Amino acid sequence: MKIDLTDTTSSKINKALVQGRRSIGTPAVGMVLTLVIVTDEENAYDALRAANEASREHPSRTLVVIKRVSRSPRDRTTSRLDAEVRVGVEAGTGETVVLRLYGEVINHAQSVVLPLLLPDAPVVAWWPVNAPLDPAKDPLGALAQRRVTDTYAAEQPNDELEARAGAYTPGDTDLSWTRITPWRSMLAAALDQVTCKVNSVEVEGEEFNPSCELLAMWLAGRLDVPVKRSVSSGPGLTAVRMQTDCGAIVLDRPDGSLATLSIQGQPDRAVALKRRETSELIAEELRRLDPDDTYAAALKFGVDRLGDRATATVGQEPAADTAAPATAPAPAKKAAAKKAPAKSAAKKSASKAAAK
């Protein structure tokens with residue numbers, strides 16, 4: 001069932017939701033959260049379809065906020081709210097309200113959304129495109145316990161990663177991180193099968209794919225080894241090669257669907273590692289509403305060390321002829337200072353010996 005409301009208010013939208021539930025014979029509310037999607041008209045259809053498919057696992061009230069750009073100065077000073085209320089089969093297993101904001105009300109979207117949130121239920125905000133640099137300080141993001149962005153949709157994904165690291169707040173997450181969950185699980189399982197020490201890692205994938213950077217940061221932080229980031233033609237993330245004392249461990253996925261896991265001394269194994277749809281990614285994110293500390297650690301570890309995509313190495317100190325980043329975080333400087341005394345003492349001893 002679909003109800004169209006023109007030049008309406010949040011109160012009228014709530015009444016339309018109650019009317020719609022009664023009309024289809026389900027007056028009770030069995031939803032577990034509110035999903036707020038902030039997008040534009042171009043991407044609204046795909047985002048809403050993904051949310052409806054995810055609602056099979058997580059029944060929710062979905063609020064789609066579309067900020068319409070006014071064409072003339074007169075229209076920009078005139079506020080209007082149009083809504084489209086969907087219940088029943090057209091809204092998956094929950095309810096959907098598409099909100100189109102015009103004029104001054106665009107700057108006060110949180111005032112429209114707040115009365116429509118489910119009472120005593122968690123709120124998740126999702127920006128499929130054009131996410132704010134600091135989602136937690138965004139008026140709509142401030143209403144949510146979890147804030148989902150996607151750096152893959154940014155024009156400069158690596159710059160976006162740096163901004164995310166600088167503005168990270170517990171509850172932030174990224175679909176580029178969610179995409180590598182199967183890779184992280186498979187690599188962890190492969191390392192559980194051997195007792196060898198990992199010496200170095202190479203992560204191979206598309207040039208402008210932030211999932212590759214996030215995987216490299218995660219591996220460098222967890223294994224404390226140099227991680228090289230190399231470029232391939234894709235699709236997406238194509239291979240991870242770990243050099244160990246017992247030989248190489250390789251997870252190779254050249255076609256974006258089927259991967260091959262190779263461990264020294266064991267037969268090669270085919271692994272299903274297909275690229276997942278957005279609905280699967282959103283469903284995974286909605287399974288947990290607590291802060292993702294692993295994502296936070298990976299994001300902050302190597303974001304200031306991103307360089308040339310073809311030769312960048314995450315987890316190594318800069319070469320002698322390469323200047324260290326001017327904006328390196330204070331904890332990294334302190335850690336480097338703690339390591340310095342031992343090296344300085346060695347240099348002094350060598351100098352004294354040479355003088356003698």
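A disulfide is taken here as a pair of cysteine sulfur atoms within 2.5 Å. By that criterion, a search of the whole structure, which is a predicted model, finds 1 disulfide. The bond is formed by Cys-196 and Cys-246. Their sulfur atoms lie 1.7 Å apart. The torsion about the S-S bond is about -105°, so the disulfide is left-handed. Cys-196 has a relative accessible area of 17% and is buried, because the cut-off for burial is under 20%. Cys-246, at 43%, is partly exposed. Another cysteine, Cys-212, is buried at 0% relative accessibility.

The overall make-up of the chain comes next. The protein chain holds 11 helices and 15 strands. It has 356 residues, and 47% of them are buried. Contacts between residues at least 6 apart in sequence were also examined. Of these contacts, 71% join residues at least 24 apart. The average pLDDT is 82, and 80% of the residues score at least 70. Over residues 306-356 the pLDDT is below 50.

An open sheet of 8 strands is present in the model. Its strand order is β1-β4-β5-β3-β2-β6-β7-β8, and the pairing is mixed. Strands β1 (2-5) and β8 (172-174) stand at the edges. Each has a single partner strand, so one side of each is left without a neighbour in the sheet. From one strand to the next, the twist averages 15°. Strands of a sheet pair through backbone hydrogen bonds, either parallel or antiparallel. The pairing of β4 (residues 80-87) with β5 (residues 95-102) is antiparallel. These two strands are joined by 8 bridges. Within this pairing, Ala-83 stands opposite Leu-99 in β5. Helix α1 (residues 10-23) packs on the sheet. This helix touches β1, β3 (60-67), β4 and β5. The direction of α1 makes about 15° with that of β4.

Two sheet residues were examined individually. Val-64 is found in strand β3. With a relative accessible area of 2%, Val-64 is buried. Beyond residues up to four places away in sequence, Val-64 touches Ile-37, Thr-39, Leu-48, Val-97, Val-98 and Leu-99. Val-64 and Leu-48 are 16 residues apart along the chain. Their C-alpha atoms are separated by 7.6 Å.

Arg-146 lies in strand β7 (residues 146-149). At 1% relative accessibility, Arg-146 is buried. The side chain of Arg-146 reaches the backbone oxygen of Arg-288 at 3.4 Å. Residues up to four places away in sequence are set aside in its contact list. Among the residues that Arg-146 then touches are Val-123, Val-124 and Ala-125. Gly-171, Asp-172 and Thr-173 are also included. Further contacts of Arg-146 include Glu-285, Arg-288, Leu-289, Asp-290, Pro-291 and Asp-292.

Of the 9 residues of helix α9 (residues 278-286), 7 are buried, so the helix is largely enclosed by the rest of the structure. The buried residues are Ser-279, Leu-281, Ile-282, Ala-283, Glu-284, Glu-285 and Leu-286. One of them, Glu-285, is a residue that Arg-146 touches.

Lys-300 is found in helix α10 (residues 293-302). At 46% relative accessibility, Lys-300 is partly exposed. Its contacts, not counting residues up to four places away in sequence, are with Ala-165 and Tyr-168. Lys-300 and Glu-162 are 138 residues apart along the chain. The C-alpha atoms of this pair are separated by 8.5 Å.

Terms used
Residues numbered from 1 in each chain as written. Heavy atoms only, no water. Helix = DSSP H or I, 4+ residues; strand = E, 2+ residues; numbered from the N terminus. Buried < 20%, exposed > 50% of the residue type's maximum accessible area, 1.4 Å probe, protein only. Polar contact = N/O pair within 3.5 Å; in protein donor to acceptor, adjacent residues only side chain to side chain. Contact = heavy atoms within 4.5 Å. Pairing = 2+ DSSP bridges. Axes fitted to C-alpha atoms, helices over the stretch in contact; angles between N-to-C directions. pLDDT = per-residue confidence, 0-100.
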